Amino acid sequence: MKILTLNCEYDRHFDLIFPFFSQEQPDVLCIQEIFEQDVPLFIERTGLTHVNFVANAIIDAPNIYDIPPRGKWGIATFSKTPFLAEKRFVYAGDFDQVPIFVNHQPNSVRRNLIATVVEGPNGPLTIANTHFTWTPDGNTSQLQIDHVQKVLAIIDQIQPCILCGDFNAPRGKEIFDTLA
């Protein structure tokens, strides 16, 4: 089974990632920074017809990060085969309310973790996908330390699992080492 995870940076790299996906032919694809309106394009271009999308924020205005204002923006897990189960966890923000992205505040978004169960080669396999809390220059913040503890508590509930995502944590730093 081939699992790929990638922060697609909205629509910035489609010319690179779709040929890569075509070459690699993943069974499961975990994407971060995807707009909900691009989900059908990912289905069409990858052939992965089963999807679990959850919004981290609504981006409805220009911002300093050059993220286009295209609506619901979040994470998605795609699969060749139907999901056996899906569950969403929120470790920062309101479970029921998708926040409006606040310019100059990259952590104004909701932080979700989606756990998707697929049929693996040896039985059910849980794949977790998240887009972790951001800090400038890869430095660890107290907010990241707090959030990583919440993520670990979620993982305790769904393990064993394969944890995928954009962790905003350089190798050799506290968050990376904790998750590794």
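Analyst: Two strands pair if DSSP finds at least two bridges between them; helices (H or I, at least four residues) and strands (E, at least two) are DSSP runs, numbered from the N terminus. This is a predicted model, in which local features need pLDDT of at least 70, side-chain atom pairs count only at pLDDT 80 or more, and totals for chains, interfaces and linings use all residues. Residues are numbered from 1 along each chain as its sequence is written, and side-chain values use heavy atoms, without hydrogens and water. Here an open sheet is formed by 4 strands in the order β5-β6-β7-β8, with mixed pairing.

User: Which strands stand at the edges?

Analyst: β5 (85-92) and β8 (162-166) do; each has a single partner strand, so one side of each lacks a neighbour in the sheet. On average, neighbouring strands are turned by 20° against each other, direction ignored.

User: In which sense do β5 and β6 pair?

Analyst: Strands of a sheet pair through backbone hydrogen bonds, either parallel or antiparallel. β5 and β6 (residues 111-120) pair in the antiparallel sense over 7 bridges, and K87 stands opposite A115 in β6.

User: How do the axes of α1 and α2 cross?

Analyst: Axes are lines fitted to C-alpha atoms, for helices over the stretch in contact, with angles from 0 to 180 degrees between N-to-C directions. Those of α1 (residues 14-24) and α2 (residues 39-46) come within 9 Å and cross at roughly 40°.

User: Which residues of α1 and α2 meet?

Analyst: Contact means heavy atoms within 4.5 Å. F14, I17, F18 and F21 in α1 meet L41, F42, R45 and T46 in α2.
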